[in-house]
Amino acid sequence: MINALYQQLNKGSWRALSFILAVIVTLFFFFNINEFASQLRVASPFWVMALIWATMILWIHGIGFEIRSVVWKCVFFPLCGYVIALIALFNNLV
């Protein structure tokens, strides 16, 4: 089942979306570092780790790294990265 879901998201347009989101989240880290860091100090450590994990997922998927193992496909599932990154971006923009 995970292979079928992963193949649905393994298309070029989804990879481009992953790359664009990864760049945007990374730019929020680098160019808004003071406000972003102060918001992360108050946030739960689990949320910070989830945000870093989502950024890694988006970079891996966006660059085009092909994952063959089912276990690693579960760990680096792009849909989880999309959801976490979009929540973080909307929280940061509002």
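Which residues of H4 are buried? The close-ups below give the answer and its surroundings. This is a predicted model, where local features need pLDDT of at least 70, side-chain atom pairs count only at pLDDT 80 or more, and totals for chains, interfaces and linings use all residues. Residues are numbered from 1 along each chain as its sequence is written, and side-chain values use heavy atoms, with hydrogens and water left out.

**View 1. Helix H4 and its buried residues.** H4 covers residues 45-63; helices are DSSP runs of H or I, at least four residues, numbered from the N terminus. Its 19 residues reach 27 Å from first C-alpha to last, close to the 27 Å expected at 1.5 Å a residue (1.5 Å times one less than the number of residues). Buried here (under 20% relative accessible area, 1.4 Å probe, protein chains only) are Val-48, Ala-50, Leu-51, Ala-54, Thr-55, Ile-57, Leu-58, His-61 and Gly-62. Just after H4, Gly-64 takes a positive phi of about 105°.

**View 2. The largest nonpolar core.** Such a core joins buried Ala, Val, Leu, Ile, Met, Phe, Trp, Tyr and Cys residues through side-chain atoms within 4.5 Å. Of its 18 residues, Leu-21, Val-25, Leu-58, Phe-77, Tyr-82 and Leu-89 touch the most other members. Helices H1 (2-8), H2, H4 and H6 (78-93) each supply at least two residues. H2 gives the most, with five.

**View 3. Contacts of Leu-21.** Leu-21 touches Leu-58, Tyr-82, Leu-86 and Leu-89 (heavy atoms within 4.5 Å), not counting residues up to four places away in sequence.

**View 4. Phe-31 in helix H2.** Phe-31 lies in H2, residues 12-31. Phe-31 is exposed, at 70% relative accessible area (exposed means over 50%).
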